[in-house]
Amino acid sequence: MSSSVAPEEGDAVRVNVSRLPGFGFSPTDELLVSYYLKNKIEGTDSHFRHVIPEIDVCKYEPCDLPAFFPEVHGKEWFFFSRLDYKYNGTRCNRVTDQGFYKITGKDREIRAEESKAVIGKKRILTFYERHLPKSKKTNWVVHEYNLTETKVSSKPTKQMNFVLWRIKNMSGSYKKPKGDPIHGELADTGATSEDYQAAVVM
C-alpha cells in the first residue's frame with residue numbers, strides 16, 4: 001500500500017532539525033498551529049516536510065504509524081493529513097480497515113501567546129477497534145490541530161484541508177515496533193532513505 005508521504009520531485013532537502021522551532025521535539029500547541037501547520041497550508045514547508053510527513057490516516061492503523069518516524073520523535077508522532085469530508089461536506093471520515101477515530105470532548109481554542117487571538121483549534125480523538133457486539137476503546141489518542149482561515153495569507157485552496165496530527169499511545173508498556181516502511185514509500189516519491197535520515201540527524 002502506497003503512502004501519502006509525498007515530497008515534491010527535486011525538493012529533497014537536508015535539514016538540521018535542532019534549528020527547527022520546537023525540535024527536541026516538544027513544540028507547544030501554538031507553535032504547531034502558527035508555524036508548522038500554517039507553513040504546510042501555505043506551501044512553505046520544504047525545510048521540514050521530511051521530518052513531519054504527510055500521511056493518509058485512513059490507510060493505516062494507528063499501530064502502523066510510528067514506524068514512519070525516527071526515534072527523534074520519542075513516544076509521540078506528528079504528521080499532516082487531509083480531512084476527508086463525506087456526505088454533506090461537514091462530517092469527516094476517520095475510519096480505517098480495523099476501526100475508527102472518535103472525537104472525545106469539545107474543541108479547544110488555541111490562542112497566540114502575545115495577542116491572545118484565536119489562531120486555531122484542537123480536538124481530541126480516541127481510536128476504537130471494531131468488535132462485535134461493541135467496539136473496543138484503545139490506548140491510541142490523537143490531538144488534531146486545525147488552523148483558522150484568517151491566519152492564512154493566501155486565498156483559500158484545497159491546502160486548507162490539511163490538519164496536523166499528534167498521536168500517542170497512552171499505555172506505559174507500549175514499545176515502538178521494529179521496522180521502517182517509510183524507506184519503501186520514499187522510493188516511490190523520488191526521495192531516498194538517506195535523504196530522510198539526513199533530515200533527522202545533526
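Biologist: Which residue in S7 does Tyr 145 stand opposite?
Modeller: Tyr 145 stands opposite Leu 164 in S7. This is a predicted model, in which local features need pLDDT of at least 70 and side-chain atom pairs count only at pLDDT 80 or more, while totals for chains, interfaces and linings use all residues. Residues are numbered from 1 along each chain as its sequence is written, and side-chain values use heavy atoms, with hydrogens and water left out.

Biologist: What makes S6 and S7 a pair?
Modeller: Two strands pair if DSSP finds at least two bridges between them. S6 and S7 have six bridges, in the antiparallel sense, so they pass.

Biologist: How many bridges join S5 and S6?
Modeller: S5 and S6 pair over nine bridges, also in the antiparallel sense. Lys 121 stands opposite Asn 146 of S6. S5 and S6 form a hairpin, with six residues between them.

Biologist: Why is Lys 116 called exposed?
Modeller: Exposed means over 50% relative accessible area, buried means under 20%, and partly exposed is in between (1.4 Å probe, protein chains only). Lys 116 has 51%, so it counts as exposed.

Biologist: How do you know whether Asp 97 is buried or exposed?
Modeller: The relative accessible area of Asp 97 is 62%, so the label is exposed. Asp 97 is found in the loop between S3 and S4. Leaving aside its neighbours within four places in sequence, Asp 97 is in contact (heavy atoms within 4.5 Å) with Glu 61 and Arg 130. The C-alpha atoms of Asp 97 and Glu 129 are separated by 9.4 Å, although the two residues are 32 apart along the chain.

Biologist: What makes something a helix or a strand here, and how many of each does the protein chain have?
Modeller: Both are DSSP runs numbered from the N terminus: helices are H or I with at least four residues, strands are E with at least two. The protein chain has three helices and seven strands. From the N terminus on, their order is α-β-β-β-β-β-β-β-α-α.

Biologist: Which residues of helix H1 are buried?
Modeller: H1 spans residues 29-41, and its buried residues are Leu 32, Val 33, Tyr 36, Leu 37, Asn 39, Lys 40 and Ile 41. What covers them includes strands S1, S4, S5, S6 and S7. After H1 comes Gly 43, with a positive phi near 75°.

Biologist: Why is the aromatic pair of Tyr 35 and Phe 48 called tilted?
Modeller: Rings of Phe, Tyr and Trp (its six-membered ring) pair if their centres lie within 6.5 Å; planes under 30 degrees apart count as stacked, over 60 as edge-to-face and the rest as tilted. A search of the whole structure finds 10 aromatic pairs. Tyr 35 and Phe 48 are 6.0 Å centre to centre, with 40° between the planes, and this pair is tilted. Tyr 35 lies in helix H1 and Phe 48 in the loop between H1 and S1, so the pair ties together parts 13 residues apart in sequence. Phe 48 is buried, at 0% relative accessible area.

Biologist: What kind of pair do the rings of Tyr 60 and Phe 68 form?
Modeller: Their centres are 5.1 Å apart and their planes are at 75°, so the pair is edge-to-face. Tyr 60 is buried at 8% relative accessible area, and Phe 68 is buried at 1%.

Biologist: How do you know that the charged end of Lys 40 sits over the ring of Phe 162?
Modeller: NZ of Lys or CZ of Arg must be within 6 Å of the ring centre and within 35 degrees of the ring normal. The charged end of Lys 40 is 4.8 Å from the ring centre of Phe 162 and is listed as sitting over that ring. The charged end of Lys 102 likewise sits over the ring of Tyr 128, 5.6 Å from its centre.
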